[in-house]
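Biologist: I have the two chains open on my screen, and I'd like to go through them with you. Could we start with the sheet in the second one?

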Amino acid sequence: MEAVFVGRPNVGKSLLLINFCEYLGIRRLGPVDPHPKERMPTWTPAEARRRFVSAFPNRVLEPLAVAVSLVPGGHSGPTLVLRDTPGIPTGTVAEAAVRQAVAAGLGHLLGASLILHVVDATADPETDPQAQAVDAALWALARHLAPSVVVANKAETEGAVVAIRRLREQLGGPVLPVSAVTRLGFRDLKRWLWEQFQAARP
Amino acid sequence: MSGPRPGDRRDGPSQRPASAREVLFWVEEGRLQPVEALTHLRRMQAVHPAVGPGPRPSNPSADQAMDELERLVGLEPVKAVVRELRAFVEIQRRRQEVGLKTDLHTLHMVFSGSPGTGKTTVARILARLLQGLGVLPRGHLVEAERADLVGEYIGHTAQKTRELIRRALGGVLFIDEAYSLARGGDKDFGREAIDALVKAMEDYRDQFVLVLAGYPTEMEWFLATNPGLGSRVALHLVFPDYSPAELVAIARQMVRDRQYLLTREAEAELARYLERRGEQSRGWAGNGRFVRNLVERAIRRQAVRLAQHGGPYSREQLMTLTWSDLDPEGGGEWRRYSWGVPT
């Protein structure tokens with residue numbers, strides 16, 4: 001099963017994924033290995049943060065995907081793959097590599113079993129109607145594809161409470177306030193994933 | 001900076017993507033904004049719900065072949081005929097299921113078009129499509145030309161042709177430059193091959209599909225002078241020459257499939273070059289093979305350029321093809337390729 005993190009650029013998808021994995025007790029992050037015999041590079045959470053997190057949009061062209069176990073302390077048993085995707089830009093991007101990565105990310109979205117739609121709780125929707133249009137279209141698609149939740153990142157900041165209330169009204173779906181930096185709301189996120197995971201398993 | 005921007009819709013008026021795969025493809029090409037892509041994907045989900053029984057059972061291998069066909073640049077008339085063919089075959093199957101009379105007549109075809117317009121590629125996809133639809137059990141493609149059919153002494157030709165047809169049973173027999181079978185006049189052994197083909201088309205009518213391919217004018221003459229063949233051909237697919245814009249799109253697709261990227265300048269220059277060539281000479285102008293050779297040579301020249309420049313190389317450098325790599329008039333190595341037209 002795959003839970004896919006989607007959202008616009010720079011909302012904090014990568015940092016959220018890495019820190020959430022660290023919260024779950026994963027010590028080495030690496031791509032989900034398609035060939036068990038091949039050694040793929042892995043990173044510690046600190047290395048991954050240096051590599052995948054930046055203040056500039058569309059840095060993550062080959063996003064992380066990490067297999068995690070939601071059972072406490074268990075390294076065996078059923079795993080869930082948490083997959084990062086490149087941020088969905090508001091317009092067409094000039095670099096072909098970015099476009100290719102975005103298209104690949106949309107492909108993963110279509111195949112997702114669970115969708116975490118990450119939004120920036122500090123962004124004011126009035127100032128950027130284009131960005132709001134992307135989020136609205138993404139949410140409309142996501143909730144149709146698979147069990148989805150809106151993850152309002154940067155919830156530790158001032159004004160986030162108002163923003164989150166507004167999000168709940170606008171989107172009409174579950175909204176989880178989290179903070180990738182302070183790890184606020186990680187328990188709720190884990191519970192949501194666990195419940196959906198249990199419900200979706202045959 | 002001049003030249004087409006990724007956001008430009010170069011392929012004519014705004015069309016709607018037909019499949020989710022096409023949406024992703026267009027995003028990659030920069031023809032579709034991500035937000036539009038999301039809307040299209042949402043619309044498609046509404047039409048084809050992900051869960052629950054659909055109105056028609058999905059047919060993965062046929063769908064895959066169809067997708068591959070739709071991915072090909074241009075070739076609209078060909079795609080239209082193949083779509084019709086698919087619908088026809090599927091409805092005939094349905095009729096069969098409920099005990100109605102079916103008319104699954106033979107599906108032998110003629111492909112007419114200049115060299116490098118995608119005839120072999122389409123034949124290969126078609127073979128798989130027909131397999132997916134349950135018309136052909138094996139769905140393989142046997143490619144042949146005059147030399148594979150025509151023998152050296154009396155009796156040899158019939159034997160060679162029969163052998164070839166035996167190999168093609170369950171799949172598609174693709175005869176390139178088919179008109180050359182009739183070119184030698186009445187005493188030529190090509191006649192014998194044609195007679196053997198006509199007989200096989202009758203004897204094994206449901207067991208293989210014959211595709212006769214060649215230049216449009218020659219094929220017309222060939223079918224007119226061999227009514228036995230012509231009357232047994234059900235479908236006639238016309239492969240138009242590629243326009244310069246389509247050739248650029250082909251180059252882009254080839255480059256991407258090989259995990260390279262074209263700079264914007266290279267794309268713009270290539271478009272300008274092809275435009276100029278097209279005006280000067282018709283005939284080879286719409287040739288996909290020419291573009292393929294160009295791209296393959298550009299990849300070699302990029303390697304030489306980078307090796308001379310010395311490392312370390314960034315990922316981007318390793319992927320980027322510039323116009324200096326692509327330029328058909330630069331570099332001395334070019335002559336060997338004889339403009340990509342088979343001699």
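Biologist: So what order do the strands of the open sheet in chain B take?

Modeller: Bear in mind that this is a predicted model; in it, chain B has an open sheet of five strands, ordered β2-β3-β4-β1-β5, and the pairing is parallel. The strands at the edges are β2 (141-144) and β5 (235-239) of chain B, each of which pairs on one side only, and the twist from one strand to the next averages 20°.

Biologist: How many bridges join β1 and β4 of chain B?

Modeller: Strand β1 (residues 109-113) of chain B pairs with strand β4 (residues 209-214) of chain B over four bridges, in the parallel sense, and within that pairing B:S112 has B:G214 in β4(B) as its bridge partner.

Biologist: And which strands does helix α4 of chain B lie across?

Modeller: Helix α4 (residues 76-97) of chain B lies across β1 and β5 of chain B, and the helix runs at about 155° to β5(B).

Biologist: Switching to the other chain, what is the pairing in the open sheet of chain A?

Modeller: There the pairing is mixed, in an open sheet of six strands with the order β2-β3-β1-β4-β5-β6 (chain A). Its edge strands are β2 (65-68) and β6 (175-177) of chain A, and the twist averages 25° from one strand to the next.

Biologist: Do β1 and β4 of chain A pair in the parallel or the antiparallel sense?

Modeller: Strand β1 (residues 2-7) and strand β4 (residues 114-120) of chain A pair in the parallel sense, over five bridges, with A:F5 standing opposite A:L116 in β4(A). Helix α1 (residues 13-23) of chain A packs on this sheet, where the strands it touches include β1 and β4 of chain A, while helix α5 (residues 160-171) of chain A lies across β4, β5 and β6 of chain A.

Biologist: Now the interface: how many residues of chain A are in contact with chain B?

Modeller: On the chain A side 26 residues are in contact with 23 residues of chain B, and the area buried between the two chains is about 2000 Å², of which carbon and sulfur atoms give 71%. A:T92, A:R99 and A:Q100 supply 25% of the area that chain A buries against chain B, more than any other three residues.

Biologist: What is the count of salt bridges between the chains?

Modeller: The salt-bridge count between chain A and chain B is zero, although three residue pairs are in polar contact, both at pLDDT 80 or more.

Biologist: Which element gives the largest share of that side of chain A?

Modeller: That is α3(A), with 10 residues; by class, the side of chain A that touches chain B has 18 nonpolar, six polar and two charged residues.

Key:
Residues numbered from 1 in each chain as written. Chains lettered and ligands numbered in written order. Predicted model: local features only at pLDDT ≥ 70, side-chain atom pairs only at ≥ 80, totals over all residues. Heavy atoms only, no water. Contact = heavy atoms within 4.5 Å. Buried area = accessible area lost by both parts, 1.4 Å probe. Salt bridge = Lys/Arg side-chain N within 4 Å of Asp/Glu carboxyl O. Polar contact = N/O pair within 3.5 Å; in protein donor to acceptor, adjacent residues only side chain to side chain. Helix = DSSP H or I, 4+ residues; strand = E, 2+ residues; numbered from the N terminus. Nonpolar A, V, L, I, M, F, W, Y, C, P; charged D, E, K, R; others polar. Pairing = 2+ DSSP bridges. Axes fitted to C-alpha atoms, helices over the stretch in contact; angles between N-to-C directions.
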